[in-house]
Amino acid sequence: MKTKIQWKWVIGASVVFLIFLVFVLPQVSTYSSEAIGQSKSPDQSFLYSGLQLYQLAESYGEAGRKTYILLRWTFDLVWPVVYTLFLVVWTIKLGEYIPRNQRMSYLVFLPIIAAFFDLLENIGATIVMARYPIQSGISQTITPVATFIKWNMVLASFLLLLFLMIKILRIKIKKQ
């Protein structure tokens, strides 16, 4: 059975995504940099170590760590929902235009996996920031891994959209 997504959902998710990209993300980034005192953040990095995470916690200072934690449990709970919704509805919508392949239908889970690891990253980073200066062993080790997986799943999700668009274009060209 094919899943159908109405265009109004695709357009709505796209508008919300664009609003976040153009208006919300820059505002949150500016606020974060000013409140924490720097623009470095583990969740914006692709690769970092547990030691680097701990060094960031030290460099933030007490007020910066509190702000970082606050942002993880406010803005960074909403943003993954926004990008996941955008990626899922577009993946399903584009999938409507290509012949159904059972394995392809599982690829809609890529952005959901990204959001899961984003949440895991938030939990781990929060533990490190909240416990500083106490070493946070497993959280300090798992958080960079969660970040790496998150970014790979986000990248894979966007590449999937590009792949689906190219596949649809090829199908349309073949029909003509």
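The chain exposes about 10400 Å², and carbon and sulfur atoms supply 70% of that area. Accessible areas here come from the Shrake-Rupley method with a 1.4 Å probe, and for residues only the protein chains shown count as cover. This is a predicted model, so local features need pLDDT of at least 70 and side-chain atom pairs count only at pLDDT 80 or more, while totals for chains, interfaces and linings use all residues. Residues are numbered from 1 along each chain as its sequence is written, and side-chain values use heavy atoms, with hydrogens and water left out.

Start with the overall fold. The chain has six helices and zero strands. Its pattern along the sequence reads α-α-α-α-α-α. Helices (H or I, at least four residues) and strands (E, at least two) are DSSP runs, numbered from the N terminus. The C-alpha atoms fill a box of roughly 65 × 30 × 25 Å, taken along the principal axes. Of the 176 residues, 41% count as buried. Buried means under 20% relative accessible area, exposed means over 50%, and partly exposed lies in between (1.4 Å probe, protein chains only). Take the contacts between residues at least 6 apart in sequence: 83% of them join residues at least 24 apart. Contact means heavy atoms within 4.5 Å.

Now look at the surface of the model. Trp-7, Ile-11, Val-15, Leu-18, Ile-19, Leu-21, Val-22, Phe-23 and Tyr-97 form a nonpolar patch there, with about 860 Å² of accessible area together. Patches are made of residues with over 30% relative accessible area and no salt bridge; like charges are joined within 9 Å, and nonpolar side chains (Val, Leu, Ile, Met, Phe, Trp, Tyr) within 5 Å. Val-15, one of the patch residues, lies in helix H1 (residues 7-36). Val-15 is partly exposed, at 43% relative accessibility.

Helix H3 (residues 75-95) is a simple check on geometry. The expected span of a helix is 1.5 Å times one less than its number of residues. For the 21 residues of H3 that gives 30 Å, and the end C-alpha atoms are 30 Å apart, which agrees. H3 is mostly covered, with 15 of its 21 residues buried.

Next come the charged pairs. A salt bridge is a side-chain nitrogen of Lys or Arg within 4 Å of a carboxyl oxygen of Asp or Glu. The count comes to five salt bridges. Glu-62 and Lys-66 make one of them, at 3.4 Å from N to O. These two are four residues apart in helix H2 (residues 50-72), so about one helical turn separates them. An α-helix has 3.6 residues a turn, so residues three or four places apart point the same way. Glu-62 is exposed at 53%, and Lys-66 is exposed at 55%.

Other pairs sit under cover. Lys-93 bridges to Glu-96, with the closest N and O atoms 3.0 Å apart. Both Lys-93 and Glu-96 are buried. Lys-150 forms a salt bridge with Glu-121, where the closest N and O atoms are 3.1 Å apart. Lys-150 lies in helix H6 (residues 137-175) and Glu-121 in helix H5, so the pair ties together parts that are 29 residues apart in sequence. Lys-150 is buried at 3% relative accessible area, and Glu-121 is buried at 1%. Asp-43, Arg-72 and Asp-76 are linked in a network of salt bridges.

Leaving aside neighbours within four places in sequence, Thr-126 is in contact with Ile-69, Arg-72 and Trp-73. Thr-126 is found in helix H5 (residues 110-131). Thr-126 is buried, with a relative accessible area of 14%. A polar atom of the Thr-126 side chain lies 2.7 Å from the backbone oxygen of Asn-122.

Gln-140 is found in H6. Its relative accessible area is 9%, so Gln-140 is buried. Its side chain makes a polar contact with the side chain of Gln-135, at 3.3 Å. A polar contact is a pair of N or O atoms within 3.5 Å; within protein, one must be able to donate a hydrogen and the other to accept it, and residues adjacent in sequence count only if both atoms are side-chain atoms. Beyond its neighbours within four places in sequence, Gln-140 touches residues including Gly-50, Leu-51, Tyr-54 and Val-128.

Finish in the loop between H1 and H2, where Gln-44 is found. Gln-44 is exposed, with a relative accessible area of 52%. Gln-44 touches Ser-39 and Trp-151, not counting residues up to four places away in sequence. Gln-44 and Trp-151 are 107 residues apart along the chain, and 9.0 Å separates their C-alpha atoms.
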